[in-house]
Amino acid sequence: RASNQVMVMRTNVNSFYWLLGKAQKDCATLVYASSAAIYGGVPSPQAVGRESPENAYAFSKYAMDQIACRYTERYSDMRLVGLRYFNVYGPRESQKGKTASMVFQLTQQILNGKKPRLFIGSDKIFRDFVNVADVIQANVKAACSNRNGIFNVGSGVARSFQEVADIIQGELGVNLGTDYFSNPYDNYQEHTQADIFDTKKYLQFEPEFSLEAGIKSYI
């Protein structure tokens with residue numbers, strides 16, 4: 001579980017040291033998954049260098065980024081790229097269960113004839129939703145780049161939870177309304193939006209999927 005701090009650090013950080021050693025031995029480029037969770041509640045747009053990890057998982061990813069930076073400073077011939085994924089959605093995520101994207105979960109609710117369930121005030125809760133095809137693009141370009149560093153991977157556009165539910169219903173040709181309930185989480189992140197200036201500049205990353213196009217393709 002992500003709340004088990006010892007397990008999270010062992011899984012992410014300890015194994016990362018092994019991967020770094022393997023990459024160095026094989027003279028391989030290492031592209032690894034960082035996370036937008038590192039930013040915590042910092043204001044949008046979230047940019048590298050403005051981190052505020054607020055849980056064990058986010059801290060473990062932040063630790064990985066710091067370790068990667070130290071390795072590239074110490075070993076100038078190493079190629080290391082960390083990608084901070086924002087809210088990824090797309091095909092083949094059904095096995096993730098409750099951790100699957102909001103796009104997947106709301107689609108399942110609607111397909112089952114139920115109203116999509118959203119927090120009260122979801123028209124004011126924003127996330128940067130990025131299609132998995134764009135994530136793949138970022139990974140390939142990072143692997144082919146000679147640039148080391150940490151980069152955001154998102155659409156660069158913030159969209160509300162309410163918009164997601166409405167777009168899905170429009171694509172499915174239904175209008176079931178929305179089932180609103182109180183947000184049970186304290187200090188809930190209200191707005192994420194990736195600053196992808198450096199990702200575009202140094203990795204030649206260009207998001208191709210708007211939320212509408214991504215949901216249409218997914219459905």
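The following legends describe close-up views of a predicted model. Residues are numbered from 1 along each chain as its sequence is written, and side-chain values use heavy atoms, with hydrogens and water left out. In this predicted model, local features need pLDDT of at least 70 and side-chain atom pairs count only at pLDDT 80 or more, whereas totals for chains, interfaces and linings use all residues.

**View 1. The largest pocket has a volume of about 1900 Å³.** Of the 43 residues that line this pocket, Asn87, Lys98, Thr99, Arg127 and Tyr188 are the closest to its centre. Two or more lining residues come from each of strand 1, helix 2, strand 3, helix 3 and strand 4; helix 3 gives the most, with four residues. On a 1 Å grid over the protein atoms alone, a pocket is an open set of points where a 1.4 Å probe fits, with protein on both sides within 12 Å along at least five of seven lines, and lining residues have an atom within 4 Å of a point. The volume is the space filled by probe spheres set on the points. Helices (H or I, at least four residues) and strands (E, at least two) are DSSP runs, numbered from the N terminus.

**View 2. Helix 3 (residues 102-111) has the buried residues Val103, Phe104, Leu106, Thr107 and Ile110.** Buried means under 20% relative accessible area, exposed over 50% and partly exposed in between (1.4 Å probe, protein chains only). These buried residues pack against strand 3 (87-89), strand 4 (117-119), helix 5 (161-172) and helix 7 (211-218). Just after helix 3, Gly113 takes a positive phi of about 80°.

**View 3. Leu83 and Val153 touch the most other members of the largest nonpolar core, which has 17 residues.** Strand 2 (80-85), helix 4 (132-144) and strand 7 (149-153) each give two or more residues to this core. A second, separate core of 15 residues includes Val103, Phe129, Ala165 and Ile215. A nonpolar core is a set of buried Ala, Val, Leu, Ile, Met, Phe, Trp, Tyr and Cys residues joined through side-chain atoms within 4.5 Å.

**View 4. Cys27 has a positive phi, near 55°.** Cys27 lies in the loop between helix 1 (5-26) and strand 1, and it counts as exposed because its relative accessibility is 72%. Gln204, in the loop between helix 6 (197-203) and helix 7, also has a positive phi, near 55°.

**View 5. The peptide bond from Ser44 to Pro45 is cis, with omega near -5°.** Pro45 is found in the loop between strand 1 (30-35) and helix 2 (56-74).

How values were computed:
Contact means heavy atoms within 4.5 Å.
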